[in-house]
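This report describes how two protein chains are arranged and how they meet. Please examine the sequence and the structure before reading on.

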2 protein chains.
Amino acid sequence: MSLPHAILTALLEKPSSGLELTRRFDRSIGYFWSATHQQIYRELGKLEAEGHIRALPSEQPARGQKKSYEVLPAGRAELARWTAASQDPKPHRDPLLLRLRAAAVVGTAGLEADLNRHLELHRRQLADYEKIEQRDFPPGKDAPHDRIRHLVLRAGIDLETFWTQWLTHALEEFAELPESGTT
Amino acid sequence: MSLPHAILTALLEKPSSGLELTRRFDRSIGYFWSATHQQIYRELGKLEAEGHIRALPSEQPARGQKKSYEVLPAGRAELARWTAASQDPKPHRDPLLLRLRAAAVVGTAGLEADLNRHLELHRRQLADYEKIEQRDFPPGKDAPHDRIRHLVLRAGIDLETFWTQWLTHALEEFAELPESGTT
DNA sequence: CTTCATTTTGCAACTAGTTGCAGAACAAGC
DNA sequence: GCTTGTTCTGCAACTAGTTGCAAAATGAAG
């Protein structure tokens, strides 16, 4: 049950409408918690019903149609509670590793191309992250909340680094393997 | 849609009953594709209906009640197809990183203990993997399917290594942070 | 052979996330 | 005005995974 808390965090960082949230979930927040706009609208409805957020009515005099939401004290309290609560790590699910294991049984034919594609995607993501790091975390900024956000970004950077290295290594191994068929 | 293919892979490695599969999903396969026994039984039913697997009737003369399944040629073909098919990487979902980001807004109170707990869990998982590596992949074994399985295990080892390092670093940063409240 | 516990299989209901579609509001062109 | 396209919001149906519970089969104990 993380989506409502992801939304609360995003709204605390900046009150937003559903669409603005959707856009932000495609960037920053979505890097480690993705969501579609339908999930977001549904969840906004629930959070409002529960009294955790409310629509900012003012701004435009009732015409500008984008409903923007802000977090109420109850919502902030719930987020703090959730953040502090102990949670067990969920077991991983990685289809690519699964495919590799299957390939050990049915053959590696066709897999190499997709490994290359994934490598390229991870390289691109890594480059994005590094650009964000340069932009948002120049040496010397160290307010506590910046340090924590930087830590999160580092996790992203190091994970992408790991995957590019692992995929590179995997492709080297593939190159040495005898060809094995599709059957 | 990876579960059926995870099951096909497991059954190709060794024909098994539902319960045996469940046990194996708690170990090896489940390290990167977990599943509950209910998922497995349901999926076995579907796979049988589709003609991808069949129950081994023989063995015990109709008495030994554990239904064991084996993969049929159609199932193997489907697995090979799926393995070779291109798949987009799904976006990550990591509640711990999300909580950290929330903590940057609502305060880090209470989070440190859980980071320590996760660190301990990842260390234990890492130790498990390393034991498996020593047992199953002593230097010198390099049949192709062994090399591929070793590659998969290396991904697990390196990922756990990454998390223990990152969590250690995060905890160091926390130690330097001024205390921040629950509000 | 009956009773009780355990193992193995499975159904049903629920939660979370995805996909397809559609209506309401605004914006631009005629 | 009216039509057309785009933005923003949202419903409904579907898929995947989880949780709770229970029946059937076996095994052990009396």
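The report treats the symmetry, the interface, the salt bridges and then some individual residues.

The structure is a predicted model. Chain A is superposed on chain B by a rotation of 180° with 0.0 Å of shift along the axis, and the RMSD is 0.0 Å. This is the relation of a two-fold axis. Of the interface residues of chain A, 100% are also interface residues in chain B, so the copies meet through the same surface.

**The interface**

How many residues of chain A are in contact with chain B? There are 70 residues of chain A in contact with 70 residues of chain B. The size of an interface is often expressed as the accessible area lost when the parts come together. Between chain A and chain B the buried area is about 6,700 Å², and carbon and sulfur atoms give 68% of that area.

The elements that give two or more residues to the side of chain A that touches chain B are α1 (3-13), α4 (73-84), α5 (95-106), α6 (111-136) and α7 (144-176) of chain A. The element α7(A) gives the most, with 19 residues. On this side of chain A, the residues divide into 39 nonpolar, 16 polar and 15 charged.

**Salt bridges**

Over all chains, the structure holds 28 salt bridges, and eight salt bridges are found across the interface of chain A and chain B. Some individual pairs are listed below.

| Salt bridge | Closest N to O distance |
|---|---|
| Arg147(A) and Glu173(B) | 2.9 Å |
| Arg81(A) and Glu78(A) | 2.8 Å |
| Glu120(A) and Arg124(A) | 3.3 Å |

Arg81(A) is partly exposed, with a relative accessible area of 47%, whereas Glu78(A) counts as buried at 19% relative accessibility. Glu120(A) and Arg124(A) both lie in helix α6 of chain A, four residues apart, which is about one turn of the helix. Glu120(A) counts as partly exposed because its relative accessibility is 34%. A network of salt bridges also links Glu13(A), Arg24(A), Arg149(A) and Arg101(B).

In chain B, His5(B) lies in helix α1 (residues 3-13). His5(B) counts as buried because its relative accessibility is 3%. The side chain of His5(B) reaches the backbone oxygen of Met1(B) at 3.0 Å. Apart from neighbours within four places in sequence, His5(B) is in contact with Glu78(B), Leu79(B) and Trp82(B).

Where is Ser34(B) found? Ser34(B) is in the loop between α2 (18-26) and α3 (37-49) of chain B. At 13% relative accessibility, Ser34(B) counts as buried. Leaving aside neighbours within four places in sequence, the contacts of Ser34(B) are Pro91(A), His92(A), Arg93(A), Phe25(B) and Gln39(B).

Methods:
Residues are numbered from 1 along each chain as its sequence is written. Chains are lettered from A and ligands numbered from 1 in the order in which they are written. This is a predicted model: local features need pLDDT of at least 70, side-chain atom pairs count only at pLDDT 80 or more; totals for chains, interfaces and linings use all residues. Side-chain values use heavy atoms; hydrogens and water are left out. Copies are superposed by least squares on the C-alpha atoms of residues with pLDDT of at least 70 in both. Contact means heavy atoms within 4.5 Å. Buried means under 20% relative accessible area, exposed over 50%, partly exposed in between (1.4 Å probe, protein chains only). Buried area is the accessible area (1.4 Å probe) that two parts lose on being put together, summed over both. A salt bridge is a side-chain nitrogen of Lys or Arg within 4 Å of a carboxyl oxygen of Asp or Glu. Ala, Val, Leu, Ile, Met, Phe, Trp, Tyr, Cys and Pro count as nonpolar, Asp, Glu, Lys and Arg as charged, and the others, Gly among them, as polar. A polar contact is a pair of N or O atoms within 3.5 Å; within protein, one must be able to donate a hydrogen and the other to accept it, and residues adjacent in sequence count only if both atoms are side-chain atoms.
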